Amino acid sequence: MDEMTLREFEKFKLFMRIQADYGKWLAATIAVLQSGALFALGEGKFPHAPRCAYLPFLIGLIAIMFSGLCSWLNFTLLGM
């Protein structure tokens, strides 16, 4: 590798690290919001909320876990 190619590779690694950190932050934030909503519904903070109010938050948690898995696979396979 010549110096220019090595410099471009290091820049690529830095950008991928920044992108991965942002993705982890975003996934954690969404998971906390979804979990907080489920906790508030479960604690009886909203007694008049229907039982089906849990469903969107539960689907949101499942979706964020799936997207985290896909992101982990993406960065794992990219590192090979």
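## Salt bridges

A search across the whole structure identifies two salt bridges. The model is a predicted one, and both pairs described below belong to helix α1. Side chains of opposite charge can pair when their charged atoms come close.

E10 is partly exposed, at 41% relative accessibility. K13 is likewise classed as partly exposed, its relative accessibility being 35%.

The side chains of K24 and D21 form a salt bridge at 3.4 Å, again taken from N to O. Because K24 and D21 are three residues apart in helix α1, they too are separated by about one helical turn. The relative accessibility of K24 is 57%, and the residue therefore counts as exposed. D21, with a relative accessible area of 42%, is partly exposed, since a residue must be over 50% to count as exposed.

## The largest pocket

The largest pocket of the model has a volume of about 230 Å³. Its lining comprises 14 residues, of which G23, K24, A27, G68 and S71 are the closest to the centre of the pocket. Two or more lining residues come from each of the elements α1 (3-42) and α2 (54-79). Rolling a probe the size of a water molecule over the atoms shows where empty space is left.

Which element gives the most to the lining of the largest pocket? Helix α1 does, with eight residues. By residue class, the lining of the largest pocket divides into eight nonpolar, five polar and one charged. K24 is among the residues closest to the pocket centre, and its side chain also meets that of D21 in a salt bridge.

## A nonpolar surface patch

F66, L69, W72, L73 and L77 make a nonpolar surface patch of about 560 Å². One of these residues, L69, is located in helix α2. L69 has a relative accessible area of 43% and is therefore partly exposed.

The C-alpha atoms of L38 and F57 are separated by 6.4 Å, while the two residues are 19 apart along the chain.

F39 is also part of helix α1. At 54% relative accessibility, F39 counts as exposed. F39 and D21 are 18 residues apart in sequence, and the distance between them in space is 27 Å, C-alpha to C-alpha. D21 is the partly exposed residue whose side chain meets that of K24 in a salt bridge.

M65 belongs to helix α2. Its relative accessible area is 56%, so M65 is exposed. From C-alpha to C-alpha, M65 and A40 are 20 Å apart in space, with a sequence separation of 25 residues.

Key. Residues are numbered from 1 along each chain as its sequence is written. This is a predicted model: local features need pLDDT of at least 70, side-chain atom pairs count only at pLDDT 80 or more; totals for chains, interfaces and linings use all residues. Side-chain values use heavy atoms; hydrogens and water are left out. On a 1 Å grid over the protein atoms alone, a cavity is a set of points where a 1.4 Å probe fits but cannot get out, and a pocket is an open set with protein on both sides within 12 Å along at least five of seven lines; lining residues have an atom within 4 Å of a point. Grid points are joined across faces, edges and corners, and a volume is the space filled by probe spheres set on the points. Helices (H or I, at least four residues) and strands (E, at least two) are DSSP runs, numbered from the N terminus. Ala, Val, Leu, Ile, Met, Phe, Trp, Tyr, Cys and Pro count as nonpolar, Asp, Glu, Lys and Arg as charged, and the others, Gly among them, as polar. Patches are made of residues with over 30% relative accessible area and no salt bridge: like charges are joined within 9 Å, nonpolar side chains (Val, Leu, Ile, Met, Phe, Trp, Tyr) within 5 Å. Accessible areas come from the Shrake-Rupley method with a 1.4 Å probe; for residues, only the protein chains shown count as cover. A salt bridge is a side-chain nitrogen of Lys or Arg within 4 Å of a carboxyl oxygen of Asp or Glu. Buried means under 20% relative accessible area, exposed over 50%, partly exposed in between (1.4 Å probe, protein chains only).
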